[in-house]
Amino acid sequence: MNLRLLGKNVSVYAVGSIILRLNSFLLIPLYTFSVSLRDYGVLVTLMTTVQVMTILMNVGMGNTFLRFAKRYEDQARMGILLSNSLLIILLGGICVTGATFLALIPFFQTVLHMEDVSSYVELTCLAALSQTLCYHMITYYRAKNQAAKYMLANITTTLLLIVANFILLLVFRLGVKGSLMAHIIAHTAILAYQFVHVVLKDTVALSLGVLRELLIFGFPLIFSMCSQFIMNASSTYFLSFYAGLEAVAMFSLGVKLAQIVDITIGAPFQLACPPFIYANLEEPGIRQTTSQLFTYLIGGLVLMSVAVLIGAKVVMPFLAPPAYGAAYAVIILMIPTSFFRGINYFGETLLNIVHKTYWTGMINGVSGAMCLLLNYYLIPRQGMYGAIIATNVSYMFAGLVTFYRGVREYPLTIQWPRLVVAVGFLFCFMVLVFRLKSFGNLAFLASSCLAASLGLLWMCSAFMPWRMRPSQ
């Protein structure tokens, strides 16, 4: 086991993940200052739909490809694995697109508050398919631990997205449709390049045996992805229906900024650690190392959450007009979602080790149903705060139960003292900044930075003399 290589890859993946998501933050001012609040709500709704469709079109092939990559690489059959998984995604994209046009046009007319939605839906489906195929192709570099190439691909994708959006929005004034076109152009260009330089340079062959193996492993993950569909999208759609597109815009901005925690910590962990663990399952001490990685994950999530809560207050005026001011409260209250999503990543990794993906599907399926019901009940009564409660509760359930089941299936010794202190510090800090959110920037920064410094000293004093205790 080369932990130094893992640390290097996590750092590179963190940079790559940040750069990949950076386009969405760089584009926030372009969207909020160049289109109306209502049009931004339309764009947010459609981009949420894109993310939902990518989950469904992927058919679980992302995790499946990573799980089998080491074996196929040892057999010099990586090209066959990649080409067959791409075929499954393409077929999934065709099915999702067909189902959307056959059954969901009335739904989009309702949530977008317009009659003629066919062109919007068509562009949304194309954007989702091109993005799914593009990002799966980039997964090839993760599987081979080529973090630098992964980061380079993300940088290129980000630059193309920014340039395409700038041209289509500011030069051609195409509005919402222009942004969707920009996503199609950027991801298709990267996909074409990767296909020529990766797939066609290796052995490519259709194999019914490989297709069967991939589908058997990945099929249970469809239920997990459906729950992610519900948790990611239901809040947006319910808000649009009950509270209007302006509420969608406000909620989305807060959620997007809160997701910085996931982008900088959770996503790099998900990218780097599973391939490392899968490749070292036969090594002595892998369970202890895996437990340590979980502790590092929680510590990183806490520290980044504190940084986001402090920094978001300062940058909000530069990202959006004053009409979006209430989004800061959304940021504070949505931090737990990113935290529990990270825990969910870890639990899914443990279940993937023992090929118990059906647990992932069942747990996330229940959490998705829970989110749907809570949104249906709470949003008509509480608006954005109902969406916040529903999302947090469902992700908390998914994260904790998946983690519990994963540790039961793949037993680890958990470092509980560190975890309790870290989570306690985060909770206290969230309460503090929520009380301080109406303060001016100077008073807010002075108070929050002092509290953060004291909390970090508390964490360090608790972490240093730590002694391992067995999990129950």
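The largest pocket holds about 320 Å³ of space. This is a predicted model, in which local features need pLDDT of at least 70, side-chain atom pairs count only at pLDDT 80 or more, and totals for chains, interfaces and linings use all residues. Residues are numbered from 1 along each chain as its sequence is written, and side-chain values use heavy atoms, leaving out hydrogens and water.

On definitions: on a 1 Å grid over the protein atoms alone, a cavity is a set of points where a 1.4 Å probe fits but cannot get out, whereas a pocket is an open set with protein on both sides within 12 Å along at least five of seven lines; lining residues have an atom within 4 Å of a point. A volume is the space filled by probe spheres set on the points, which are joined across faces, edges and corners.

Fourteen residues line the largest pocket, and Phe339, Phe340, Ile343, Leu400 and Val423 lie nearest its centre. Which helix gives the most to this lining? It is H16, with six residues. Helices here are DSSP runs (H or I, at least four residues), numbered from the N terminus. By class, the lining has 14 nonpolar, no polar and no charged residues.

Ile298 touches Phe339, Ile343, Leu419 and Ala422, not counting residues up to four places away in sequence; contact means heavy atoms within 4.5 Å.

The second largest cavity has a volume of about 50 Å³. Its lining divides into three nonpolar, four polar and one charged residue, and H13 gives the most, with four residues.

Notes. Helices (H or I, at least four residues) and strands (E, at least two) are DSSP runs, numbered from the N terminus. Ala, Val, Leu, Ile, Met, Phe, Trp, Tyr, Cys and Pro count as nonpolar, Asp, Glu, Lys and Arg as charged, and the others, Gly among them, as polar.
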